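Please read it alongside the sequence and the coordinates.

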Amino acid sequence: MADDVTTEIENEIRNNKVLIYMKGTPSFPQCGFSAATIEIFEELGRPFNSVDVLTNPAKREGIKRYSNWPTIPQIYVDGKFIGGCDIVREMHQRGDLKRLLDASFS
Amino acid sequence: MMNPDEIRRSLQGAFPDAQVLAEDSTGGGDHFAVHIVSASFAGCSLVERHQMVYRALGSLMPRIHALQLKTDAPGES
C-alpha cells in the first residue's frame, strides 16, 4: 500500500498539468538549477505550479523515490515525468519543450 | 571532496565504449559537469539515459551535490 507522501505526490501530479518540484519558490528559488528551470518555463509562458521540497523533507525524499531520480528539480507534464534541469534545458534548446507544452495546452 | 577522475573511472567502467568528460565545475569537489558519449544511449530517452548514468555512479552519488549531465549517442551532439 502506498504511503501518505506517495499518495499526495500522485494527487499533485494528477491535478496539475505542469508541476515543478523545486527548491524554493518561483519568486525565490533556493538553488541555481531550480532557478534555471523556472526561467525556462516562464519564458515559454504557459501556466505551471510548483512544490517547494525544502519545506517538506518527507516529500523531498518521496519524490526522488517516486520518480527514481536523485535530484531536484523534477518536472511533470500531464502526469508524465519529463526529467530534471539538464533535460528541460536540452529540450528547450531543441524546441521540444515548447512543442510538448503547445500540444499539452491545445 | 571528490576528484572528477573518480567519476570518469566509474562511468568508463560502466560504459566501456564511452568517451567521458568530467570536470569539477566550481573547484569545490562536489559540483561536477559530465559529458558522456556512448552507443548504449542509442534509442533511449533522455530520462532513461540520465537514469543509466545515475545508476552507474551508484555509491558516488551521495557525495555529489550537483551533477550537470549531457548524454549523447555517437553522432549526436
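In chain A, helix α1 and helix α3 (residues 57–67) pack at an angle of about 70°, and their axes are 9 Å apart. Because of that angle, α1(A) is roughly perpendicular to α3(A), where angles under 35 degrees count as roughly parallel, over 145 as roughly antiparallel, 65 to 115 as roughly perpendicular and the rest as oblique. Axes here are lines fitted to C-alpha atoms, for helices over the stretch in contact, and angles run from 0 to 180 degrees between N-to-C directions; helices (H or I, at least four residues) and strands (E, at least two) are DSSP runs, numbered from the N terminus. This is a predicted model, in which local features need pLDDT of at least 70, side-chain atom pairs count only at pLDDT 80 or more, and totals for chains, interfaces and linings use all residues. Residues are numbered from 1 along each chain as its sequence is written, while chains are lettered from A and ligands numbered from 1 in the order in which they are written.

The crossing of α2(A) past α4(A) is left-handed, a term used if the near helix is turned anticlockwise from the far one by less than a right angle, with right-handed used if clockwise.

The residues that make the two contacts are set out below, two residues being in contact if their C-beta atoms, placed from the backbone, lie within 7 Å.

| α1(A) with α3(A) | V5(A), T6(A), I9(A) of α1(A) | A58(A), K59(A), G62(A), I63(A), Y66(A) of α3(A) |

The residues of the contact of α2(A) with α4(A) divide into five nonpolar, two polar and one charged, where Ala, Val, Leu, Ile, Met, Phe, Trp, Tyr, Cys and Pro count as nonpolar, Asp, Glu, Lys and Arg as charged, and the others, Gly among them, as polar.

The largest nonpolar core has 24 residues, and I20(A) and Y21(A) are those with the most contacts inside it. Such a core is a set of buried Ala, Val, Leu, Ile, Met, Phe, Trp, Tyr and Cys residues joined through C-beta atoms within 7 Å. The largest share of this core, five residues, comes from β1(A). Leaving aside residues up to four places away in sequence, I20(A) touches T37(A), I38(A), F41(A), F48(A), S50(A), P73(A) and I75(A). A second, separate core of 12 residues includes F15(B), A22(B), L57(B) and L69(B).

Two single residues illustrate contrasting surroundings. A residue is buried if 20 or more other C-beta atoms lie within 10 Å of its own, exposed if 12 or fewer, and partly exposed in between, with C-beta atoms placed from the backbone.

Between the chains, 10 residues of chain B are in contact with eight residues of chain A. On the side of chain B that touches chain A, the largest share, five residues, comes from α2(B).
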